[in-house]
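Please look at the sequence and the structure below, then read on.

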Amino acid sequence: MSDSNKPQALPTGPDRELQIYAMGLGGGKPSVPVPLDLLEQKAREILAPRAYDYVAGGAGGEDTMRANREAFYRWRIVPRMLRDVAKRDLSVELLGARLSAPVLLGPVGVQEIVHDHADVASARAAASLGLPFVLSTMSSRPIEEVAQAAAKVAESPRWFQLYWGKNPELTASMVQRAECAGYSALVVTLDTHSLGWRERDLHHGYLPFMTGQGLSNYFSDPVFRGLLAQPPEQNLTAAIQLWGSLFSNPALTWKELGFLRRHTRVPIILKGILCAHDAAQALEAGVDAVIVSNHGGRQVDGSIGALDALPEVVRKLKGRLPVLFDSGIRRGADVFKALALGAHAVLLGRLYLWGLAVAGEEGVRDVVLNLIADFDLTMALSGHTQCHELDASALCKSNSV
């Protein structure tokens, strides 16, 4: 691989600060607002109200979204002094790959409602930083197109997220397409066999898939197309109706996981684990990793906060499987706390979507660079130099929330 096709080196926190201050001296600024409330506000100004609410909203009264943030507030960092933190190494080993930081861009569907370049822009931004990008089944661009676009920027890990539907042949086809296109892991989302009760979307009467958005992987799949009397280009309504009949499969159980192993050689990761007993079943089923997640609060209103679930899952697995984490990551301190409680890495969701909305590929890149810089500074200022050093002794529990 030529140097031109290598990811850029991630700046340290102080270097990123100096970059931004230097821009300011010249009258410039990053492509996105640095304060996260202003970033989301800017995205809201740009997006159609129904698109903004689709991304921003959660299930029911959004109690689970609040629980995710409150779980972070309850843990406080305990900084340590007079330690040599002049050099820091944020890299982590994950499923055989060395990542320059413990951060992945998680699967977010139907990105075309946020920006015209959709998943291609997000995947290219991730590739430029050498960080994994997880493509959703419900992506706005096909599996192969996203892989090719990212590879033109730099070689970096790509994973495919699977919504496991009713048709086994279609499931196998998508899994095999992803493997052939170079996706190096399969992320199976467990918590969305039915869509949660999302009041904002119901208020707008808006589900983007009902207009054919986010269905590119279905419309480009030979098995799916073979089930249609006419291709989607000729009869969009029939194609959408077929998708609706196949997407949800609430009858799936643990015993079906063997089907996936028979159809792929890549690591299988289960996303949506919140219970230690389910973590134990995942281990028994022979999967390769789990993601502690409540889908960013989008599925079950009143659910346990994802960070509250993390320690018990980690204790149950005792290091026998990597544990990843999403739901509520917004700042460097959040990454620090998740790692200290046992996560190997974290996945971003809404955060990078706001960057995509504001400034496309560059916006995604700047949001991620800012997060990692914040995390690097949090590590240094708390007296730590490597991610594997972090454990619960770096935190204390607060009862003020």
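## Terms and basis

Helices (H or I, at least four residues) and strands (E, at least two) are DSSP runs, numbered from the N terminus. Axes are lines fitted to C-alpha atoms, for helices over the stretch in contact, and angles run from 0 to 180 degrees between N-to-C directions.

The model is predicted: local features need pLDDT of at least 70, side-chain atom pairs count only at pLDDT 80 or more, and totals for chains, interfaces and linings use all residues. Residues are numbered from 1 along each chain as its sequence is written, and side-chain values use heavy atoms, with hydrogens and water left out.

## Two helix pairs

Two packed helices are described by the angle between their axes and the distance between the axes. Helix 13 (residues 276-285) and helix 14 (residues 306-317) have axes that come within 8 Å and cross at roughly 35°. Their crossing is right-handed; a crossing has this hand if the near helix is turned clockwise from the far one by less than a right angle, and is left-handed if anticlockwise. On the helix 13 side, A276, A279, A280 and L283 meet E312, V313, K316 and L317 of helix 14, where contact means heavy atoms within 4.5 Å. This contact has six nonpolar, no polar and two charged residues. In these classes, Ala, Val, Leu, Ile, Met, Phe, Trp, Tyr, Cys and Pro count as nonpolar, Asp, Glu, Lys and Arg as charged, and the others, Gly among them, as polar.

For helix 5 (residues 118-129) and helix 6 (residues 143-153), the axes come within 8 Å and cross at roughly 35°. Helix 5 passes helix 6 in a right-handed crossing. Helix 5 contributes D119, V120, A123, R124, A127 and S128 to the contact, and helix 6 contributes E145, V146, A149, A150 and V153. Seven of these residues are nonpolar, one is polar and three are charged.

## Pockets

Pockets and cavities are found on a 1 Å grid over the protein atoms alone: a cavity is a set of points where a 1.4 Å probe fits but cannot get out, a pocket is an open set with protein on both sides within 12 Å along at least five of seven lines, and lining residues have an atom within 4 Å of a point. Grid points are joined across faces, edges and corners, and a volume is the space filled by probe spheres set on the points.

The largest pocket holds about 860 Å³ of space. It is lined by 40 residues, of which H295, G296, R298, G349 and R350 are the closest to its centre. Helix 3 (49-56), helix 4 (63-74), strand 11 (345-348) and helix 16 (350-381) are the elements that give two or more residues to this lining. By class, the lining of the largest pocket has 18 nonpolar, 13 polar and nine charged residues.

The second largest pocket has about 500 Å³ of space. Among its 24 lining residues, T189, L190, D191, H193 and L252 lie nearest its centre. Strand 7 (186-189) and strand 8 (268-273) are the elements that give two or more residues to the lining. The lining of the second largest pocket divides into 12 nonpolar, 10 polar and two charged residues.

## Cavities

How many cavities of 30 Å³ or more does a search of the whole structure find? The search finds two. The largest cavity has a volume of about 70 Å³, and its lining includes L162, Y163, M174, Y218 and F247. Helix 7 (residues 168-180) gives the most to this lining, with three residues. Seven of the lining residues are nonpolar, three polar and one charged.

The second largest cavity contains about 30 Å³ of space. Among the residues that line this cavity are F160, V175, Y183, T264 and V266. Helix 7 provides the largest share of this lining too, three residues.

## Single residues

L95 is not a glycine, yet has a positive phi of about 50°. L95 sits in the loop between strand 2 (92-94) and strand 3 (97-99). L95 counts as partly exposed because its relative accessibility is 32%; buried means under 20% relative accessible area, exposed over 50%, and partly exposed in between (1.4 Å probe, protein chains only). S327, also a residue other than glycine, has a positive phi near 95°. S327 lies in the loop between strand 10 (323-325) and helix 15 (332-340) and is buried, with a relative accessible area of 5%.

Q8 is placed in the segment before helix 1 (13-25). At 35% relative accessibility, Q8 counts as partly exposed. Leaving out residues up to four places away in sequence, Q8 touches S128, L129, R365 and L369.
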